[in-house]
Amino acid sequence: MTTDWKLPWKAHCRCGAVEMTISAQPLLTMACHCRGCQKMSASAYSCSMAVPTDGFAVDGPARDTREAEGEGGYTHNFCPECHSWIFTEFPPEMGFVNLRATMLDDPSWFAPFVETQTAEKLPFAETGAPHSFERFPQMEEMMQLVQRYAAEGAKPA
């Protein structure tokens, strides 16, 4: 299955100081419309992909981190040089990191499969995602989406 995805992939922050290697297919691709993502990405939404933790490696200088506001126990990671928001770490038992899709060296294939937090969506923002949620999907729904993404989601050409 790895060959279907043309792995491994490389990803870099804006200045190239932080290099990431993705060696496992993404679980899901997403666009988040929450106000936090809007502000952190300076855009209408953030694009990300959930990558299994054991298929994600980081090389480069120690990253700047910031604990996410509210509950959840996750940490945002930034390049210490260019300050790009590069990925978010979740508690280890969750088993994935959320990589900002625009960090991929070749993001041309990326398309969000799910959009979340549409209750906070800016009126003009459209993603084309086939699955849309006013907030975050429940865990049961999320597992179904992961299965559907494996069969139906966008892949590198």
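**Close-up views of a predicted model**

**View 1. A nonpolar surface patch is made by Met 94, Met 139 and Met 143.** In this predicted model, the patch covers about 310 Å²; patches are made of residues with over 30% relative accessible area and no salt bridge, with nonpolar side chains (Val, Leu, Ile, Met, Phe, Trp, Tyr) joined within 5 Å. Met 139 lies in helix H3 and counts as exposed, because its relative accessibility is 55% (exposed means over 50%, buried under 20%, partly exposed in between, with a 1.4 Å probe and protein chains only).

**View 2. Eight strands form an open sheet with mixed pairing.** The order is E6-E7-E8-E9-E4-E3-E10-E11, where strands are DSSP runs of E with at least two residues, helices are runs of H or I with at least four, and two strands pair if DSSP finds at least two bridges between them. At the edges, strand E6 (64–67) and strand E11 (131–132) each pair on one side only.

**View 3. Strands E7 (residues 75–78) and E8 (residues 85–89) pair in the antiparallel sense.** Four bridges join the two strands, and Thr 75 stands opposite Glu 89 in E8.

**View 4. Met 20 sits in strand E2 (residues 19–22).** Met 20 is buried, because its relative accessible area is 0%. Leaving out residues up to four places away in sequence, Met 20 touches several residues, among them Trp 9, Phe 56, Ile 86 and Met 103 (contact means heavy atoms within 4.5 Å).

**Notes.** Residues are numbered from 1 along each chain as its sequence is written. Local features need pLDDT of at least 70 and side-chain atom pairs count only at pLDDT 80 or more, while totals for chains, interfaces and linings use all residues, and side-chain values use heavy atoms, without hydrogens and water.

Terms used
Patches are made of residues with over 30% relative accessible area and no salt bridge: like charges are joined within 9 Å, nonpolar side chains (Val, Leu, Ile, Met, Phe, Trp, Tyr) within 5 Å. Accessible areas come from the Shrake-Rupley method with a 1.4 Å probe; for residues, only the protein chains shown count as cover. A salt bridge is a side-chain nitrogen of Lys or Arg within 4 Å of a carboxyl oxygen of Asp or Glu.
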